[in-house]
Amino acid sequence: MMYDDTIAAIATPPGEGGVGIVRLSGSHSLPIAQAIFRPRRPGPLRSHRVRYGQVVDPSDGRVVDEVLAVLMQAPRSFTGEDVVELSGHGGTLVMQEVLGLTLAAGARLAHPGEFSMRAFLNGRMDLTQAEAILDIIQAQTSTGLALAQAQLGGWLAREVRRIRTDLLEALAYVTVTIDFPEDEVDPQDLAPTLTACRQAVEHLLATADQGVIYRQGARVVLLGRPNVGKSSLLNALLRTNRAIVTPIPGTTRDTLEETANLDGIPVVLVDTAGISESADPIERLGVERSREALALADLALLVLDIHQPVSRDDRQIAELTLEKPTLVVWNKADLEPGHAPPHFPFAHPHLVGNVATSALTGAGMEDLVRTIVGALSVQGTAPGGSHLVTNPRHREVLSRAAAGLRAATEGQAAGVPADLLAGDLTTALNALGEITGETITDDLLDTIFSRFCIGK
Ligand SMILES: Nc1nc2c(ncn2[C@@H]2O[C@H](COP(=O)(O)OP(=O)(O)OP(=O)(O)O)[C@@H](O)[C@H]2O)c(=O)[nH]1
Ligand SMILES: [Mg+2]
């Protein structure tokens with residue numbers, strides 16, 4: 001369907017660039033473009049042909065920019081509507097002027113993600129593909145990008161549709177037994193289908209623990225006494241001199257965070273001020289920040305100096321981390337050559353590893369990265385297949401579908417009435433439809449697409 005209101009936006013990023021693009025979509029794209037575009041050689045814009053010319057202010061004939069204009073007539077366009085793209089010089093003001101002329105000629109400024117939303121509503125792609133576009137734009141590691149590209153290819157939508165088709169058949173079967181109870185329909189026939197669907201959904205769900213972290217990243221906080229080498233470890237993990245390092249305890253006064261790529265996972269590393277009892281008032285504020293950073297983290301690195309006796313301060317810091325998955329890092333291992341990482345002397349319910357490192361020489365750093373990545377519950381290297389569920393929305397919907405299917409398989413085995421069974425199947429079907437967008441509310445669509453930028 002083609003919307004009556006034609007939308008316009010600058011499709012290229014703000015700032016200066018070689019080229020800037022203003023994009024129009026909707027039934028009036030062509031007349032609006034014609035009102036402001038003057039081709040070098042006279043003649044109409046033809047679909048999927050590039051024309052060279054000028055954008056001219058129709059009110060006074062002033063030339064605003066030199067552009068290449070492309071018309072993509074419905075349905076062969078990104079949105080499935082008539083689209084015109086005007087590629088001009090990539091300057092902030094000149095792009096604003098071109099956009100302003102399209103608005104004066106009758107276009108409306110697009111909402112964030114509105115081009116993609118129209119593409120979805122016009123059946124150019126399903127919802128998982130529209131969401132994949134956002135993930136491709138926002139990918140922070142090449143693994144995250146590969147997963148988003150695979151999703152754009154449509155594997156998730158195909159898999160979900162396959163399961164839905166089987167479930168629809170099962171539902172039809174159950175409905176027959178409601179409508180014609182006297183017919184001989186053996187409910188046992190359903191068992192293999194329901195079990196297969198349930199397993200397929202649970203399999204998808206199981207990939208999400210890994211997948212979501214590739215898309216969203218994780219937060220890892222470095223905690224420890226002053227001077228144990230937290231900032232040095234941060235720098236070593238980032239392979240830059242991001243944080244200030246000195247031999248003076250209390251160098252880091254405030255938390256500092258930076259994103260690292262650890263085996264394909266975007267990890268926000270948070271360096272914190274060293275924690276000690278004797279802290280002065282400024283340090284105490286830093287300690288408060290460290291606690292806050294810990295509260296938000298997925299994993300704590302408890303950094304100790306392998307060359308120093310474990311102290312009361314270390315114990316108190318360990319107590320701060322009791323609720324978090326915690327990895328013990330014995331740093332300055334170069335000062336104790338050949339020393340295996342000591343046994344961690346305190347009880348901790350969530351210890352995920354115990355490694356020795358030297359931020360100075362790099363010894364043990366690979367082991368540290370491997371242990372961090374393992375603790376974040378993902379395999380170290382790019383996943384064998386790129387078929388992982390990466391989107392928390394999909395994970396939430398899948399867990400609803402799995403619950404419905406669990407109820408259905410258990411109910412069916414226990415011989416519950418057909419109408420109850422039908423209810424559970426419908427729950428699962430509707431949930432799965434939310435992934436591809438077949439059963440979705442306008443509100444939810446608005447929420448999803450509002451996370452896009454304007455012009456996408
Ligand atoms: N020999 C050795 N020295 C290290 C190592 N890591 C850090 N250091 C030194 O230890 C001192 C403190 O390092 P930082 O990284 O500033 O320690 P920190 O834990 O951030 O300290 P605060 O910010 O004060 O809490 C510096 O002189 C570093 O060069 C290491 O692995 N081996
Ligand atoms: Mg520091």
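The legends below describe close-up views of a predicted model.

Local features need pLDDT of at least 70 and side-chain atom pairs count only at pLDDT 80 or more, whereas totals for chains, interfaces and linings use all residues. Residues are numbered from 1 along each chain as its sequence is written, chains are lettered from A and ligands numbered from 1 in the order in which they are written, and side-chain values use heavy atoms, with hydrogens and water left out.

**View 1. The seven-stranded open sheet.**
This open sheet has 7 strands in the order β3-β4-β5-β6-β2-β1-β7, with mixed pairing. β3 (37–39) and β7 (108–109) are at the edges, each with a single partner strand, so one side of each has no neighbour in the sheet. Strands (E, at least two residues) and helices (H or I, at least four residues) are DSSP runs, numbered from the N terminus. Two strands pair if DSSP finds at least two bridges between them. Strands of a sheet pair through backbone hydrogen bonds, either parallel or antiparallel.

**View 2. Strand β6 and its two partners.**
Of the 8 residues of β6 (residues 83–90), 6 are buried, so the strand is largely enclosed by the rest of the structure. Buried means under 20% relative accessible area, exposed means over 50%, and partly exposed lies in between (1.4 Å probe, protein chains only). Strand β2 (residues 17–25) pairs with β6 in the antiparallel sense over 8 bridges. Here I21 has S87 of β6 as its bridge partner. Strand β5 (residues 63–72) also runs antiparallel to β6, joined by 5 bridges.

**View 3. Strand β1 against β2.**
Strand β1 (residues 7–10) pairs with β2 over 4 bridges, in the antiparallel sense. I7 stands opposite S25 in β2.

The loop between β5 and β6 holds P75. The peptide bond from A74 to P75 is cis, with omega near 0 degrees. H48 lies in the loop between β3 and β4 (50–56). Its phi is near 60 degrees, a positive value in a residue other than glycine. H48 counts as partly exposed, at 29% relative accessibility.

**View 4. The six-stranded open sheet.**
The order here is β9-β10-β8-β11-β12-β13, an open sheet of 6 strands with mixed pairing. β9 and β13 (351–356) stand at the edges with a single partner strand each, so one side of each is left without a neighbour in the sheet. Neighbouring strands of this sheet are turned by 25 degrees against each other on average, direction ignored.

**View 5. The β9 and β10 pairing, with D263.**
β9 and β10 run antiparallel, joined by 7 bridges. L262 has I265 of β10 as its bridge partner. D263 lies in the loop between β9 and β10 (265–271). It is not a glycine, yet D263 has a positive phi of about 50 degrees. Its relative accessible area of 37% makes D263 partly exposed.

S231 counts as buried, at 8% relative accessibility. T252 is buried too, at 16%.

**View 6. Helices α7 and α12.**
Helix α7 (residues 191–216) packs on helix α12 (residues 392–414) at an angle of about 155 degrees, with their axes 9 Å apart. α7 is therefore roughly antiparallel to α12. Their crossing is left-handed. The contact residues divide into 14 nonpolar, 5 polar and 7 charged. Axes are lines fitted to C-alpha atoms, for helices over the stretch in contact, and angles run from 0 to 180 degrees between N-to-C directions. Angles under 35 degrees count as roughly parallel, over 145 as roughly antiparallel, 65 to 115 as roughly perpendicular and the rest as oblique. A crossing is left-handed if the near helix is turned anticlockwise from the far one by less than a right angle, and right-handed if clockwise. Ala, Val, Leu, Ile, Met, Phe, Trp, Tyr, Cys and Pro count as nonpolar, Asp, Glu, Lys and Arg as charged, and the others, Gly among them, as polar.

**View 7. Helices α3 and α14.**
Helix α3 (residues 114–121) and helix α14 (residues 442–450) pack with their axes 9 Å apart, at an angle of about 135 degrees. α3 and α14 are therefore oblique to each other. The crossing of α3 and α14 is right-handed.
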